[in-house]
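Please consult the sequence and the model shown here alongside the points below.

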Amino acid sequence: MAKCVSCKKSAQIKIAFAPFCESCFLKHYQNRVERLIKKFKLIKEKDKILVAVSGGKDSMSCAHVLSKFRQRFKFEMGVLHIDVGVSDCTNENTENIIRDFCNEYKVPFYLLKIKEYLGLDIKEVSKKIRRPICSICGMVKRYALNKFARENGFNKIATGHCADDITLLFFKNWFSYYFDWIAKFKPIMPSNHPKIVTRIRPLFECLEEENLTYVKLNKIKIAGCSKYSYSVRKDKLKEILKLIDSKKPDFKINFVRALERVEIKVKEPDSIKECIKCGEPTDKEICGVCRLKM
Ligand code: SF4
Ligand code: ZN
């Protein structure tokens, strides 16, 4: 039987290339997140951090591990769940799972319903303009998350993006020549406009399988996957990355660590203005969300 890389007792878990026993895995996971927080100064004393939680393993791990660090780093946190108004993705069950988590770990819980908050029916808009529902949803969620955080006094937003997401998004954007997006793939994206809230990604160096193991070992309930994200899961690039993983299990970790070091210079980005309709930050005259409403 494999031995834990840390304590040499028998290992029950094998993550990427390293076997761990349960307690060493949990220490290893928390240490990795803590090192990243310190290295990139993700959190400062008195920060008010809003964690965006969908109910999946990544965002639940992010909320859990941050809740454990509240005293150490002396910050406040809240959890926001965005109900996108698509019942396959968000429903009462997801909401209850997150609400129960927040009660258990004493974290304020916020629920934002896109239909009420922005007066926007994502499913309807997707049909009307014939654009994939997930691409509209992603943009609308980013908008709502930033607006809600700012309006409620949060100075940072934390998301559960992990090494798998970052690697996949890197190549997707790379092949589409969206280099200005790639330049933002860092553990911290500081605010560059008074209306934009700083974003942090505490799980930047964690793998999806580590997050899954983390929630299982901590007995954290998670919400199931949605039918819409199926197309994402069947993604060709994701399959290619899986293949690389099988040959080189440390690929994604090394890749994101390299990304941390590299500075991608993009041509002068368009300056950020305020939308003439809603006042939210945008690089156009009218922001993407207001254009959806037109
Ligand atoms: Fe939105 Fe698509 Fe995710 Fe559902 S699967 S929450 S529609 S991005
Ligand atoms: Zn607008």
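The model is predicted: local features need pLDDT of at least 70, side-chain atom pairs count only at pLDDT 80 or more, and totals for chains, interfaces and linings use all residues. Residues are numbered from 1 along each chain as its sequence is written, and chains are lettered from A and ligands numbered from 1 in the order in which they are written. Helices (H or I, at least four residues) and strands (E, at least two) are DSSP runs, numbered from the N terminus.

**Sheet**

- Six strands form an open sheet with mixed pairing, in the order S5-S4-S3-S6-S8-S7; two strands pair if DSSP finds at least two bridges between them.
- S5 (109-113) and S7 (188-189) are the edge strands, each with a single partner strand, so one side of each has no neighbour in the sheet.
- S3 and S4 run parallel and are joined by five bridges, with Ala52 opposite Leu80 in S4.
- The path from S3 through H2 to S4 is a right-handed β-α-β crossover (right-handed if, with the strands pointing away from the viewer, the path from the first strand over the helix to the second runs clockwise).
- Five bridges also connect S4 and S5 in the parallel sense, and Lys113 in S5 is the bridge partner of Asp83.
- The chain passes from S4 through H3 to S5 in a β-α-β crossover that is right-handed.

**Helices on the sheet**

- Strand S6 (residues 156-158) pairs with S8 (residues 198-200) in the parallel sense over three bridges, and Ile157 faces Arg199 in S8.
- H2 (residues 57-73) lies across S3 (48-52), S4 (76-83) and S6, at about 155° to S3; axes are lines fitted to C-alpha atoms, for helices over the stretch in contact, and angles run from 0 to 180 degrees between N-to-C directions.
- H3 (residues 92-105) packs on the sheet, where it touches S4 and S5, and its direction makes about 170° with that of S4.

**Helix pair H7 and H12**

- H7 (residues 163-175) and H12 (residues 251-261) pack at about 70°, with axes 9 Å apart, and are therefore roughly perpendicular to each other (angles of 65 to 115 degrees).
- Ala163, Asp164, Ile166, Thr167 and Phe170 in H7 meet Lys252, Ile253, Phe255, Val256 and Leu259 in H12; contact requires C-beta atoms, placed from the backbone, within 7 Å.

Conventions
Parallel < 35°, antiparallel > 145°, perpendicular 65-115°, else oblique. Contact = placed C-beta atoms within 7 Å.
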